Amino acid sequence: MELMKQIWDMAQKDIKRIVLPEGDEERTLVASQKIKENGLAEVTLVGSESVIRSKAADLGVNLTGINIADPETSDKLEVYVNEFYELRKSKGMTIEKAGKIVRDPLYFGTMMVKVGDADGMVSGAVHTTGDLLRPGLQIIKTAPGVSVVSSFFIMMVPGSKYGEEGMLLFSDCAVNPSPSSEQLAAIAIATADTAKKLCKIDPKVAMLSFSTMGSADHEVVDKVRAATERAKELRPDLLIDGEMQLDAAIVEKVASQKAPNSDVAGKANVLIFPDLQAGNIGYKLVQRFANAEAIGPICQGFDKPINDLSRGCSSDDIVNVVALTAVQAQFDK
Ligand code: ACO
């Protein structure tokens, strides 16, 4: 696939350090060897060193050139515990609690990224999205000037003419259950910027609803309308329009009837969903019914990149998300 090749090329040009906290998980171990062999990132596996080595031996995975960080024996543990305590003491954290929490590989890996011992983190082959996001939100937090962490999927729909020859970005499908209009505007802007930087496309952003340009009235439509206005006000340089239905967003003929004056309708390649239920259901519908490849969820808005995997992921999916995370880390410089 062309986009992933482009991402691999970018990752290989400037090697970043990516931590994988599910270090003893089988697909993760297999992926770590592929990442090393393809020069996509310098990998650190977090977990019990003896368990990681024994599982790798069972799987025939060569760990040469792959780092292992065992929270129980790491000489960095104390630094991470103290730093975590400092970060969270205003929220009631004690040094004793911090000592227990940071031994959790997800928190340990997040602390590695926080203090600069790694450039990014990828997890989620075993843990849920919330398990990954919570330490990220508590420790890494948002990048300067960014109000909300969100996520996007790159959807590749085979044989489709919609979007960018079948490629579209969908957001937010994984993080914010019920974004406010202000947050929805921030999500639209972040996804447009991501589309430009990562996918090298000119974003045309549709703010999705069950209403097109005032065809229906409801408070949930008002939210999308307000978000559209806010996003346009904040970033007049971007092509963002709404509110609009999905067909008006991507089908030129429908757009010419329902939104004839829009420069986005009929041509949208970035779809912003009004809430997480719509976004999560939406991407899965396209993935299953249209046989689309769904790359993600990729997080955006963190101060340093951390990304989630689907628990059904393959080792190749892990390799690709690590490459994407490494490229995001390059943008962070
Ligand atoms: N952006 C920035 N900061 C945030 C965000 C956000 N989107 N959400 C929460 N925070 C901050 C809070 O301000 C808080 O900061 P503080 O502790 O320093 O004050 C911290 O993060 C924790 O906030 P909580 O509200 O306590 O966190 P919560 O327990 O609600 O968890 C989470 C946040 C994990 C993102 C939650 O909203 C969630 O579970 N989202 C849905 C995840 C999910 O299940 N996705 C669907 C599956 S994914 C898939 O199918 C691909």
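Good morning. A helix, as the word is used here, is a DSSP run of H or I covering at least four residues, and a strand is a DSSP run of E covering at least two. With those terms in place, please consider the structure above, which is a predicted model.

I begin with the annotation. An unreviewed UniProt entry carries the annotation "domain: Phosphate acetyl/butaryl transferase", and it covers residues 3-326. That span is 47% helix and 16% strand, and its end C-alpha atoms are 15 Å apart.

I now turn to the ligand. How many residues surround the ligand? There are 21, and the closest are Lys-91, Val-149, Ala-174, Val-175 and Asn-176. By type, the shell consists of 11 nonpolar, 5 polar and 5 charged residues.

Where do these residues come from? Domain 1 (2-141 + 303-331) and domain 2 (150-289) each contribute at least three residues to the shell. Among the helices, helix 7 (129-140) and helix 13 (276-289) each provide at least two. Helix 7 gives the largest share, with 5 residues.

Let us look at individual atoms. For Asn-176, a polar side-chain atom is found 2.7 Å from a nitrogen atom of the ligand. The side chain of Lys-141 has an N or O atom 2.9 Å from an oxygen atom of the ligand. In the side chain of Arg-134, an N or O atom is 3.1 Å from a ligand oxygen atom. As for the surface, the ligand taken alone exposes 1,000 Å², and the protein buries 63% of that.

To conclude, the ligand is surrounded by 21 residues, and both domain 1 and domain 2 supply part of that shell. Thank you.

How values were computed. Residues are numbered from 1 along each chain as its sequence is written. This is a predicted model: local features need pLDDT of at least 70, side-chain atom pairs count only at pLDDT 80 or more; totals for chains, interfaces and linings use all residues. Side-chain values use heavy atoms; hydrogens and water are left out. A residue is near a molecule or strand if one of its heavy atoms lies within 4 Å of it. A polar contact is a pair of N or O atoms within 3.5 Å; within protein, one must be able to donate a hydrogen and the other to accept it, and residues adjacent in sequence count only if both atoms are side-chain atoms. Accessible areas come from the Shrake-Rupley method with a 1.4 Å probe; for residues, only the protein chains shown count as cover. Ala, Val, Leu, Ile, Met, Phe, Trp, Tyr, Cys and Pro count as nonpolar, Asp, Glu, Lys and Arg as charged, and the others, Gly among them, as polar. Domain bounds come from an automatic or database domain assignment. UniProt positions are given in the numbering used here, feature names are shortened, and annotations may be inferred rather than shown by experiment.
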